[in-house]
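Work through the questions with the coordinates open.

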Amino acid sequence: MSRDIVIISLVVGLANYLFRYMPLRYRASPRNGERYHNRYISRILDGIGIASICALLVVSSVPTVLHDGHKLIPTLAGFALLIFVFYKTRSIVMATLAGALCYGLVFKFFAF
Amino acid sequence: METPNSGLAPTPLAQATFSEGCFDSLPIVIGYVPVAFAFGMNTVRLGFTPLDSLLLSCLIYAGASQFVLTALISAGTSLWIAALTVMAMDVRHVLYGPTLRHYIQRQLSGRKTALWAFGLTDEVFAAAIAKLNKDSRRWSENWMLSVALCSWGSWVMGTAMGALCGNGPLDAYPAVEGALSFMLPALFLSFLLSAFHRRQGLVLALALTGALAGLMLASIPMAILAGIGGGCLGALASPVKQTDREQS
């Protein structure tokens with residue numbers, strides 16, 4: 001193992017850890033459970049969760065489809081079954097696995 | 001007519017347990033293994049040792065950034081430039097802590113928080129938001145710790161497998177490979193369905209628009225920031241909830 005890799009792993013790993021941990025530590029004591037009084041901050045924080053998930057959904061699916069158009073139909077089929085299973089079962093695990101299975105089957109049996 | 005229970009406080013919901021977290025982390029685990037496998041394989045192909053790739057995954061634990069880091073180092077980029085590039089990609093994680101703290105109603109334990117914070121990746125954050133949006137009273141640090149731990153374990157295990165295998169054992173099974181690579185987008189859609197409330201329609205629309213625009217016009221890290229920015233604008237422009245009016 002090279003010394004450079006050890007150093008860069010430690011430096012970047014520490015920076016990543018601080019990005020994740022320090023904002024949690026802030027306000028981590030006495031006033032737990034208390035909501036932010038500033039309603040603008042409160043509304044932004046309300047929106048960040050959903051917005052992050054939307055952005056991650058886009059960056060994890062769209063580039064693949066843009067790069068390989070054959071994956072569009074399996075992707076749409078997988079998403080459609082996932083939505084159906086989610087509203088039937090309300091289970092994230094079941095819906096995700098069903099969506100992935102559907103994607104694999106459509107990809108294998110319907111070569112577009 | 002009064003029921004025997006009338007007048008009593010409603011039974012509090014049990015907090016989610018550690019083992020429940022292991023089950024809930026299953027889609028993340030299945031989604032992480034193939035991506036980490038690809039990272040391990042790619043790193044060895046770029047000339048790093050399996051131990052190097054394992055160390056990067058154990059300590060940095062940041063998905064796409066690890067691919068960028070190894071590509072930059074192998075291309076001869078200065079170590080510090082590579083480190084700064086990756087840190088710039090990961091700085092968005094500072095938004096996750098305040099958002100979670102906004103939803104978490106209970107006292108955080110210093111020691112457990114310090115542990116699960118290490119594993120607060122995009123997917124783990126999305127899982128936590130989905131859990132908190134569904135019912136914040138059931139969220140617990142034990143649940144969070146198990147989701148973070150299982151996810152990290154699968155990432156490290158996937159990297160080790162990829163680094164040791166060296167070639168792609170799934171090359172002969174493109175449908176299986178495709179289904180595994182579809183796990184992460186499927187996971188994000190499930191989290192979105194679970195966390196979404198109808199009043200957040202504008203946030204959803206502007207976040208999707210921002211992310212798509214960022215992707216088409218710039219890069220993946222910019223797409224994430226543009227999506228979050230669009231969502232924040234949507235949150236500010238959305239009609240005020242009753243509770244907000246009462247607070248103001």
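## Packing within and between the chains

Student: Which domains does the assignment of chain B give, and how many Å separate their centres?
Tutor: This is a predicted model, so the values are computed. The assignment gives domain 1 (18-196) and domain 2 (198-242) in chain B. Taken over C-alpha atoms, their centres are separated by 23 Å.

Student: How many residues does each domain of chain B put into the contact between them?
Tutor: Take the class on the domain 1 side of chain B: 4 nonpolar, no polar and 1 charged. Now the counts by domain. Domain 1 of chain B gives 5 residues and domain 2 of chain B gives 7 residues.

Student: What is the strand count of chain B?
Tutor: Read the pattern along chain B: α-α-α-α-α-α-α-α-α-α-α-α-α-α. Chain B has 14 helices. Its number of strands is 0.

Student: Which helix of chain B gives the largest share of the side that touches chain A?
Tutor: In this contact, 85 residues of chain B meet 68 residues of chain A. The chain B side has 60 nonpolar, 18 polar and 7 charged residues. The largest share is 13 residues, and it comes from helix α11 (residues 183-195) of chain B.

Student: Why is α11(B) described as largely enclosed by the rest of the structure?
Tutor: Its partners in chain A are α2, α3 (72-89) and α4 (92-109). In chain B, the buried residues of α11(B) pack against α2, α8 (122-135) and α10 (174-181). The helix is largely enclosed because its buried residues number 12 of the 13.

Student: What span does α11(B) reach from its first C-alpha to its last?
Tutor: α11(B) has 13 residues. At 1.5 Å a residue, 18 Å is expected. The span in the model is close to that, at 18 Å.

Student: What arc do the buried residues of α4(B) cover around the axis?
Tutor: The buried residues of helix α4 (residues 64-74) of chain B are B:S65, B:Q66, B:L69, B:T70 and B:I73. They sit on the same side of α4(B), because the arc they cover is only 130°.

Student: Which helix of chain A do the buried residues of α4(B) pack against?
Tutor: Start with chain B: the partners there are α2 (26-45), α3 (50-59) and α5 (79-90). The partner in chain A is α1 (3-25).

Student: Is B:Y61 buried or exposed?
Tutor: B:Y61 lies in the loop between α3 and α4 of chain B. Its phi is positive, near 45°, though the residue is other than glycine. It has 25 C-beta neighbours inside 10 Å, and 20 or more are needed. B:Y61 is therefore buried.

Student: Is A:R90 buried or exposed?
Tutor: A:R90 is in the loop between α3 and α4 of chain A. Its phi is also positive, near 60°. With 12 other C-beta atoms within 10 Å, A:R90 is exposed.

Technical notes: Residues are numbered from 1 along each chain as its sequence is written. Chains are lettered from A and ligands numbered from 1 in the order in which they are written. This is a predicted model: local features need pLDDT of at least 70, side-chain atom pairs count only at pLDDT 80 or more; totals for chains, interfaces and linings use all residues. Two residues are in contact if their C-beta atoms, placed from the backbone, lie within 7 Å. Helices (H or I, at least four residues) and strands (E, at least two) are DSSP runs, numbered from the N terminus. Ala, Val, Leu, Ile, Met, Phe, Trp, Tyr, Cys and Pro count as nonpolar, Asp, Glu, Lys and Arg as charged, and the others, Gly among them, as polar. Domain bounds come from an automatic or database domain assignment. The arc is that of the directions from the helix axis to the C-beta atoms. The expected span of a helix is 1.5 Å times one less than its number of residues.
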